[in-house]
Amino acid sequence: ARIELALTDQPAVRSRLLLTMADVYSSLGLYDAAISLGERAQADAAHHFGPRHARTAETLSALGAMYRLEARYADSAAAHRAALEIRESVLGASDPAVAESLNGLAQAQWYLGDAAAAEASYRRALDIRDAAFGPDSTAVANSLVHLGWLLEREERFDEAYRALKQSLQIRDAQLGGDHFLIAENLDLLAQINIARGEVDEAESQLMRSLDIRRQVLDAKHPDIGMSLLAIARLFRAQGQADKALRYLRTAEQHFIDSLGANHFQVAAVLEDIGLVLAAQGQWTKAEEAFRRSLNILDASLPPNHIMIGVTLINLGGVLSDGLQQYELGEAVLRRAVAAIGSQDQPEGYWDALSRWSLANNLRDQARFVEARDYYSDAQRILEATGGSERAGNPNLDQLLNDVAVMRAAAAERGIAIE
């Protein structure tokens with residue numbers, strides 16, 4: 001309120017300052033406060049500059065990015081689409097600002113489950129930047145990274161690898177081999193190599209990424225923590241628990257020092273720590289890690305955020321499978337089902353896993369009829385997203401094995417399950 005009063009005669013400065021403050025709050029994981037400031041900046045710009053002004057589009061674009069971070073994907077898409085329409089009308093369809101709006105829209109489209117639309121938006125943004133700045137520009141390299149990220153998520157690894165390598169070549173030539181953006185390419189290329197089973201190459205890329213960030217960034221920069229976390233996850237996937245925990249503990253402390261003990265990135269590290277401990281059968285310590293993660297997330301994210309849902313699934317699994325505290329586990333897993341089911345995107349793997357985990361819990365409590373219904377729901381989702389062939393959908397194969405265990409346990413008690 002003091003900003004509005006102090007800068008009543010400087011609407012452009014006021015709107016810009018509100019957006020800057022929103023960015024600061026967003027970087028701290030305080031998304032509600034960031035969005036509140038972003039919405040004030042957007043309303044301010046629309047009032048003083050008009051609803052079809054380029055400055056209004058700028059605030060809409062920033063607001064769309066904030067909505068995405070809070071998992072409000074439909075709101076994010078709407079804001080980016082509104083910014084896109086203004087920029088196309090005011091600046092022209094080939095203006096670089098249009099590409100910025102397309103990139104933001106593409107991210108929201110992907111999270112809303114429309115991968116084809118997201119790819120089309122990314123490719124159009126790439127074409128605009130190619131025409132405006134040239135094929136060897138850093139702007140084109142940035143678009144290729146966006147496209148490579150999407151293709152990697154879609155498991156189109158060869159296409160993703162080509163896009164990311166092309167981007168890396170441009171950045172290396174334009175920025176130098178030790179620029180911090182090179183680390184971004186290396187991280188994404190490493191994920192593709194992990195998926196291909198080329199773990200030695202992936203480890204080399206992640207280690208180089210960490211070295212670059214330590215050389216060129218401030219010692220407390222959060223991106224260093226992201227590199228530590230990525231390396232830890234590689235070791236966890238390889239079953240190297242001691243190495244994974246060592247990097248995870250270092251990443252945890254790094255994020256605490258750089259972002260504060262209650263930032264969601266600290267929660268993300270605690271999540272991985274819990275997974276490593278659970279795999280070792282250290283159930284009580286795993287529970288502690290997941291509960292610490294959940295406490296941070298509950299304080300900083302909306303109740304249906306995917307990170308909260310995943311943490312609830314993991315905590316419920318430890319309580320049920322590890323500690324045999326079935327009633328507590330059931331309550332946690334029911335909350336997971338509700339949280340993930342209310343997300344602003346189509347049903348997918350996490351919806352299936354939350355129902356599947358709850359079904360296992362109910363099965364182990366000999367509540368077979370209730371378990372059957374949740375198994376059926378999980379199977380429906382997995383078949384819709386991954387196909388009905390067991391050989392091509394390993395999650396479905398595992399689910400059907402759990403259903404068979406449930407039916408056998410029910411039969412031993414003389415209970416027929418249709």
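The model is a predicted one.

Start with helix α7. Helix α7 covers residues 115–133, 19 residues in total. From its first C-alpha to its last, α7 reaches 27 Å. That is close to the 27 Å expected at 1.5 Å a residue.

Now look at which parts of α7 are covered. The buried residues are A115, A118, E119, S121, Y122, A125, L126, I128 and R129. An α-helix has 3.6 residues a turn, so residues three or four places apart point the same way. What do the buried residues of α7 pack against? Their partners are α6, residues 96–111, and α8, residues 138–153. Just after α7 comes G134, which takes a positive phi of about 100 degrees.

Next, move to the surface. V24, Y25, L28 and L30 form a nonpolar patch there. Together these four have about 330 Å² of accessible area. One of them, L30, lies in the loop between α2 (11–27) and α3 (31–49).

T59 gives a contrasting case. T59 sits in helix α4, residues 54–69. T59 counts as buried because its relative accessible area is 0%, and buried means under 20%. Which residues does T59 touch? Leaving out residues up to four places away in sequence, T59 touches S15, L19, A41, Q42 and A45.

Terms used:
Residues are numbered from 1 along each chain as its sequence is written. This is a predicted model: local features need pLDDT of at least 70, side-chain atom pairs count only at pLDDT 80 or more; totals for chains, interfaces and linings use all residues. Side-chain values use heavy atoms; hydrogens and water are left out. Helices (H or I, at least four residues) and strands (E, at least two) are DSSP runs, numbered from the N terminus. The expected span of a helix is 1.5 Å times one less than its number of residues. Buried means under 20% relative accessible area, exposed over 50%, partly exposed in between (1.4 Å probe, protein chains only). Contact means heavy atoms within 4.5 Å. Patches are made of residues with over 30% relative accessible area and no salt bridge: like charges are joined within 9 Å, nonpolar side chains (Val, Leu, Ile, Met, Phe, Trp, Tyr) within 5 Å. Accessible areas come from the Shrake-Rupley method with a 1.4 Å probe; for residues, only the protein chains shown count as cover. A salt bridge is a side-chain nitrogen of Lys or Arg within 4 Å of a carboxyl oxygen of Asp or Glu.
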